[in-house]
Each structure stands twice: as structure tokens, then as C-alpha cells.
Amino acid sequence: MKPFFDNANDESRWQAVETRDHRADGQFVFAVKTTGVCCRPSCSARHALRKNVVFFENVGQAVNAGFRPCKRCQPDKLAPEQQRIDRITQACRILETSNQPIALAELASRVAMSPFHFHRLFKQVTGLTPHGWQKALRAKRLREQLTQSEPVTRAVFDAGYQSGSNYYQQADEVLGMTAKQFRQGGERAEIQFVVGTCRLGEFLVAQSERGICAILLGSDAQRLIQELETLFPHSSLMVGDAYFAARVAQVVNLLEHPGQPISLPLDIQGTAFQQLVWQALRDIPAGQTASYRDIALRIGKPQAIRAVAGACAANKLAVVIPCHRVVRNDGALSGYRWGVERKRQLLEIEAEQQEE
Ligand SMILES: [Zn+2]
């Protein structure tokens with residue numbers, strides 16, 4: 001298992017280069033004095049000697065210092081996945097700065113995509129259709145304005161709703177309570193979430209101010225939202241903004257390629273014992289499994305097998321905390337919070353990736 005990557009010093013940077021650690025990509029580039037080329041940390045080219053390598057914060061600095069970007073790993077280009085996400089982010093920016101709803105065809109043409117592909121990609125990245133996203137944006141603006149204590153009717157118009165009465169019909173739907181109640185409501189931690197579809201079925205990703213706090217899997221988006229409400233009964237839940245949606249793409253990538261590292265901040269809340277178990281789960285390499293007894297031994301509590309099983313079942317971060325890698329002592333699949341079939345699927349994907 002690769003050690004946690006820390007961009008603090010050149011030694012850990014060099015270690016990331018030696019292990020071709022994808023998690024370090026985008027955090028720095030390295031340049032080779034003898035060839036004049038600069039690379040992403042994960043570049044697959046043969047490694048230079050340490051003494052010929054210098055590090056830069058980004059490719060721009062390396063180019064200024066006279067190095068040219070490697071043709072193989074192209075540190076000066078965004079990954080194709082990132083380019084697509086950037087288009088969606090750009091579309092979200094356009095929506096954010098507009099006071100009027102924008103039609104799908106117009107929005108797609110402004111980011112140079114066909115309406116069909118744009119619609120599909122938008123849904124994939126944000127979990128919402130462009131129409132649904134605009135609706136959520138209006139709700140978000142409305143919430144913001146209500147908390148700034150403007151008169152309610154004024155806030156409704158500023159938020160881009162066509163008419164006040166239209167708003168009042170939608171208020172319960174978007175806020176879950178009336179505007180006045182909302183303004184009087186106490187301050188509660190906010191949790192943003194996005195729902196969408198990946199090869200494992202429906203997913204929900206949520207983040208608090210501290211980081212990703214829930215990754216849930218299922219076959220019904222509405223049920224996942226209910227599950228989130230149960231897990232965080234005192235938080236106000238809101239549909240994620242564009243920045244969050246771009247992050248979610250990274251989580252989806254992980255759900256589809258469960259061995260991949262994740263570089264997003266995580267908000268892992270649980271008892272000290274649960275945290276201990278969850279850390280032990282994260283130490284199980286992709287493609288391998290461990291029994292509940294193995295985990296109990298690894299955390300130095302050999303008697304606590306049932307409690308380990310309980311901690312696995314309490315996991316809120318599917319795949320990131322890989323509780324799917326825990327099986328019965330005889331190797332049989334035991335239960336999985338998100339369905340045994342999904343557990344089997346995850347283990348199969350990991351086994352395939354090991355063979356590649
Ligand atoms: Zn390279």
C-alpha cells in the first residue's frame with residue numbers, strides 16, 4: 001500500500017515520482033535537467049536519477065525555467081475527463097451569472113457541445129438535468145437572500161422566479177418549509193449532496209464543511225436522500241453547487257475503479273473504535289479481502305469480532321472506506337450495507353483491475 005502522499009517536501013515528492021503516485025498529479029511537476037523535460041508525478045517514462053530532478057509547483061513555473069512539457073504525460077494539458085468537467089463547470093458559471101432561465105440548446109452551444117451530449121454529461125457530472133440544476137440554483141439564491149433578511153416577496157423576485165405566487169407553490173418543495181419558517185430556523189450545519197447513476201447503480205455523495213461525509217449506494221435516488229436525512233437529522237441538506245459537482249466526478253471515478261486513490265478531504269465521523277476499524281479497512285489493498293476476525297486482530301482487539309462487524313455496517317463512505325473487502329472467515333461474502341450483489345460486483349471489478 002502506498003504511503004499517504006504529502007506535498008510538504010521534495011523527499012515525499014520524489015517518493016511519489018518513484019511510485020508513480022496518481023494522487024500527486026496536479027500538485028507538482030518534476031523536471032529532468034539532463035533532458036530538459038518536465039512531467040506529471042505519475043509519468044510512465046523511465047525515471048531519471050534523483051540528482052538530475054528538480055520540482056516545481058506547476059507546469060508554468062517549469063516552462064519559465066526553460067523546461068518543455070513531456071509529450072507522454074502532457075503535464076500542460078488537462079486530462080480529458082477534467083476537460084469535460086470544466087465544460088460543465090463553465091456551464092454552471094453561465095447559469096449562476098444569469099438572472100433568466102437559459103434553454104438547453106443555447107447553454108450547450110455556449111460551451112461548444114451538442115445539446116444531446118451536453119445534457120447527458122451535465123446529468124452525469126452534477127446528478128441533475130440542466131433544468132433541475134437551474135431550479136436548485138434558484139432555491140439556493142432564495143435561501144441566501146432569506147437569510148439576509150430582506151422582505152420575503154423581494155427575495156423571491158431577486159432569485160429569478162417568474163412570479164411570487166409561482167414561488168409560493170414551490171416553496172415547500174425547494175426549501176422543505178415556508179420562507180418565513182426558513183428565516184426563523186436555527187443555524188445548522190449545511191450538507192450539500194448530489195445524486196446520480198454509475199455502474200453500481202444509483203449513488204449519493206454528500207459533503208459537509210469538512211469534506212466528503214457520505215457516499216451511499218442503492219437503486220432508488222429518493223431512498224438515498226431519505227437515508228442521508230436519517231444519517232444527518234440536524235443538518236440542512238441542499239443540492240450541491242458546481243464546485244461540488246466537479247468533486248463528485250472524482251468520487252464517481254473511484255466508485256467505478258475502486259482501487260484508485262482519492263485525494264478529496266473526508267469528513268469521517270464515528271466513535272474512536274469505529275475510526276480504528278475504518279482505518280484498518282482502508283489499509284486492505286484493492287483486490288484483497290480480510291475477515292472480521294483479521295480486522296479485530298489487526299486493531300489489537302481479537303475478541304471484538306462482532307463490534308468490528310457493527311463498525312463495518314455503520315460505514316457511511318461506500319468504497320472509500322472499503323467495507324466491501326471484509327468477508328466471512330471461510331471467505332464467503334457476508335452482508336453488505338448496500339447489498340451483497342453490489343459487494344460481489346465491487347470485488348469482481350477489483351479482481352479485474354489487478355489482472356490489467
Ligand atoms: Zn512525462
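Along the chain, the donors of the zinc ion follow the spacing C-x3-C-x26-C-x2-C. The model is a predicted one, and in it the protein donors are the SG atoms of Cys39, Cys43, Cys70 and Cys73, which lie 2.2 to 2.4 Å from the zinc ion. The angles among the four donor atoms run from 104 to 123°, and the site is tetrahedral. For four tetrahedral donors the ideal angle at a metal is 109.5 degrees.

What do Cys43 and Cys70 tie together? Cys43 sits in the loop between strand 2 (37-39) and strand 3 (53-56), while Cys70 sits in the loop between strand 4 (68-69) and helix 3 (80-97), so the pair links parts that are 27 residues apart in sequence. Both Cys43 and Cys70 are buried.

The loop between strand 4 and helix 3 also holds Lys71. Is Lys71 buried or exposed? Lys71 counts as exposed because its relative accessibility is 76%, and the cut-off for exposed is over 50%. Lys71 is 33 residues from Cys38 in sequence, and the C-alpha atoms of Lys71 and Cys38 are 9.4 Å apart in space.

The pairings of strand 6 can be followed one at a time. Strand 5 (residues 190-198) and strand 6 (residues 201-207) run antiparallel and are joined by seven bridges. In this pairing, Phe193 stands opposite Ala206 of strand 6. Two residues lie between strand 5 and strand 6, which form a hairpin. On the other pairing, strand 6 and strand 7 are also antiparallel, with six bridges joining them. Gln207 has Ile212 in strand 7 as its bridge partner. Strand 6 and strand 7 form a hairpin too, with four residues between them, and Gly211 in that turn has a positive phi of about 155°.

The remaining values describe the protein as a whole. How many helices and strands does the secondary structure come to? There are 15 helices and ten strands. The protein has 356 residues, of which 46% count as buried. Of the contacts between residues at least 6 apart in sequence, 55% join residues at least 24 apart. The accessible surface of the protein comes to about 18,600 Å², and carbon and sulfur atoms account for 49% of that surface.

Conventions
Residues are numbered from 1 along each chain as its sequence is written. This is a predicted model: local features need pLDDT of at least 70, side-chain atom pairs count only at pLDDT 80 or more; totals for chains, interfaces and linings use all residues. Side-chain values use heavy atoms; hydrogens and water are left out. Donors are N, O and S atoms within 2.8 Å of the metal (3.2 Å for Na, K and Ca); water is not among the atoms, so sites may look incomplete. Four donors count as tetrahedral if all angles lie between 85 and 135 degrees; four count as square planar and six as octahedral if opposite donors are over 155 degrees apart and all others between 65 and 115; anything else is irregular. Buried means under 20% relative accessible area, exposed over 50%, partly exposed in between (1.4 Å probe, protein chains only). Contact means heavy atoms within 4.5 Å. Accessible areas come from the Shrake-Rupley method with a 1.4 Å probe; for residues, only the protein chains shown count as cover. Two strands pair if DSSP finds at least two bridges between them.
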